[in-house]
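Good morning, and thank you for coming.

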Amino acid sequence: MSDPGNSAANAVGADRSLGQLVASATAEMSALVHDEIALAKAELRQDVRRGAIGGAAISVAGVFALFSLPVLSFAAAYGIHNLGLGLAWSFLIVGGAFLVLAALAALLAVTKFKKVKPPEKSIASAKQTAAVLQSVKPHPRAAQNKVSV
C-alpha cells in the first residue's frame, strides 16, 4: 500500500524549485554542522570537568603524602630506636636515607636534562623560510606605485 503522507511530501518536493532545494539543503547542512559542534563542545566540557576533578584529587593526594612524611620519618626513627640504637642515631639514619633518595633523584634529573636538545627541525624550517623570504622580489606593480608617487 502507498502511504498518503509520503506521496504528499513527494508532491511538495516536486513543486519546489532548484533554488529552494539548494537553500533547504544548505540550511540542513548548516544545522547539522552546528549540531556536531554542539556535541563536540559537550564532550569536551565533560572531559575538561573530569580532568579538573582528577587534577584536584591528585593535588589533595600529594598534600596528604607530603604531610605524612614527617609522621613516617618520626615513626621510622623511633622504630630504629626501639631496636636498641640511640635516638640521635636513629634520626640521623632516617635523615641520611632522605639525603640518599634526594641525591638519586637529582642524578636522575641531571641525566634527563642532559638529553634535552633544541628543536632542530623547527630551527631548520625557520631558517629555510627566512632564506626563501629574503630571495622574494617585490611585485612589479608595487614598484610602479612607488615610482609614480
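Of the 149 residues in this protein, 3% count as buried. The protein exposes about 12,800 Å², and carbon and sulfur atoms supply 70% of that area. Please bear in mind that what you see is a predicted model.

Let me turn to the overall architecture.

How far can we trust the model? The average pLDDT of the protein is 82, and 83% of the residues score at least 70. Among the elements, helix α3, residues 87-114, has the highest mean pLDDT, at 94, whereas helix α1, residues 4-15, has the lowest, at 54. Where pLDDT is low, the predicted coordinates should not be read in detail.

I now come to helix α2. It has 65 residues and reaches 94 Å from its first C-alpha to its last, close to the 96 Å expected at 1.5 Å a residue. Where does α2 have a kink? A kink of about 30 degrees lies at leucine 69, shortly before proline 70. After α2 comes glycine 84, whose phi is positive, near 120 degrees.

The structure has 1 salt bridge, and its partners are aspartate 47 and arginine 50, whose closest N and O atoms are 3.8 Å apart. That distance qualifies because the cut-off for a salt bridge is 4 Å. Why are these two residues about one helical turn apart? They are 3 residues apart in helix α2, which spans residues 18-82. Are the two partners buried or exposed? Aspartate 47 is partly exposed, with a relative accessibility of 43%, while arginine 50 is exposed, with a relative accessible area of 53%.

My last topic is the nonpolar surface. A nonpolar patch of about 1,100 Å² is made by residues including Val60, Phe64, Leu66, Leu69, Phe98 and Leu104. Which elements give two or more residues to this patch? They are α2 and α3, and the largest share, 6 residues, comes from α2. As one example, leucine 66 is found in helix α2. Leucine 66 counts as exposed because its relative accessible area is 55%, and the cut-off for exposed is over 50%.

Thank you for your attention.

How values were computed
Residues numbered from 1 in each chain as written. Predicted model: local features only at pLDDT ≥ 70, side-chain atom pairs only at ≥ 80, totals over all residues. Heavy atoms only, no water. Salt bridge = Lys/Arg side-chain N within 4 Å of Asp/Glu carboxyl O. Helix = DSSP H or I, 4+ residues; strand = E, 2+ residues; numbered from the N terminus. Buried < 20%, exposed > 50% of the residue type's maximum accessible area, 1.4 Å probe, protein only. pLDDT = per-residue confidence, 0-100. Patch = residues over 30% accessible without salt bridge, like charges linked within 9 Å, V, L, I, M, F, W, Y side chains within 5 Å. Areas by Shrake-Rupley, 256 points an atom, 1.4 Å probe, with all protein chains shown as cover. Expected span 1.5 Å × (residues − 1). Bend = angle between axes of the 7 residues up to and from the residue.
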